[in-house]
Amino acid sequence: MAAKWNGKSLHQLTQKQKRIDGLTVALHELSNLLNEAQKDHLSELGRILDRGPDDIVVGNWGCGDSPIGLCVYSAALGGEDECLLCGEPSERK
Ligand SMILES: [Zn+2]
């Protein structure tokens, strides 16, 4: 790669590009780790609930009856509708 472009030094630009490349790789690796952790979490939750990890969807509502403190829905019903543990609907006002 040329060190200059139209007489201007490319050192700073090259350094910044390398930084972006490094951060992109790190982000990709973290994303893979996050995906693995989420799969592992769902597998463990599924084991506790006697369901497959692909059969459950974790919601955002707090749930006093849930082992993770969040409502859990059946994925088989398209992520519908009532929490498997407390029975509250996923759509609430
Ligand atoms: Zn619930």
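**Figure 1. Confidence across the predicted model.** Within the protein, confidence is highest in H1, with a mean of 97, and lowest in S1, with a mean of 90; pLDDT is the predictor's confidence in each residue, on a scale from 0 to 100. The mean pLDDT of the protein is 92, and 95% of its residues reach 70 or more. This is a predicted model, in which local features need pLDDT of at least 70 and side-chain atom pairs count only at pLDDT 80 or more, while totals for chains, interfaces and linings use all residues. Residues are numbered from 1 along each chain as its sequence is written.

**Figure 2. Overall arrangement of the protein.** The secondary structure comes to 1 helix and 4 strands, where helices (H or I, at least four residues) and strands (E, at least two) are DSSP runs, numbered from the N terminus. From the N terminus on, the order of elements is β-β-α-β-β. The protein is more spread out than a compact globule, because its radius of gyration is 23 Å, well over the 12 Å that the globule rule gives for 93 residues. That radius is taken over C-alpha atoms, and the rule is 2.2 Å times the number of residues to the power 0.38. Along the principal axes, the C-alpha atoms fill a box of roughly 70 × 30 × 20 Å. Buried residues make up 4% of the 93 residues; a residue is buried if 20 or more other C-beta atoms lie within 10 Å of its own, exposed if 12 or fewer, and partly exposed in between, with C-beta atoms placed from the backbone. Of the contacts between residues at least 6 apart in sequence, 7% join residues at least 24 apart, a contact being two residues whose C-beta atoms, placed from the backbone, lie within 7 Å.

**Figure 3. Helix H1, residues 11–49.** The helix has 39 residues and reaches 56 Å from its first C-alpha to its last, close to the 57 Å expected at 1.5 Å a residue. The expected span is 1.5 Å times one less than the number of residues. H1 is hardly covered, with a count of 1 for buried residues among its 39.

Figure 4. His11 lies in H1 and counts as exposed because it has 10 C-beta neighbours inside 10 Å. Its C-alpha atom is separated by 42 Å from that of Lys39, 28 residues apart along the chain. Leu33 also has its place in H1, and with 10 C-beta neighbours inside 10 Å it counts as exposed. Leu33 and Thr14 are 19 residues apart along the chain, and their C-alpha atoms are separated by 29 Å.

Figure 5. Ile48 is in helix H1 and is exposed, with 10 other C-beta atoms within 10 Å. From Ile48 to Pro67 the separation is 19 residues in sequence and 8.6 Å in space, C-alpha to C-alpha. H1 is followed by Asp50, which has a positive phi of about 60 degrees although it is not a glycine. Asp50 is placed in the loop between H1 and strand S3 (56–62). It counts as exposed because 7 C-beta neighbours lie inside 10 Å.

**Figure 6. Asn6 between two strands.** Asn6 lies in the loop between strand S1 (4–5) and strand S2 (8–9). Its phi is near 50 degrees, a positive value in a residue other than glycine. With 6 C-beta neighbours inside 10 Å, Asn6 counts as exposed.
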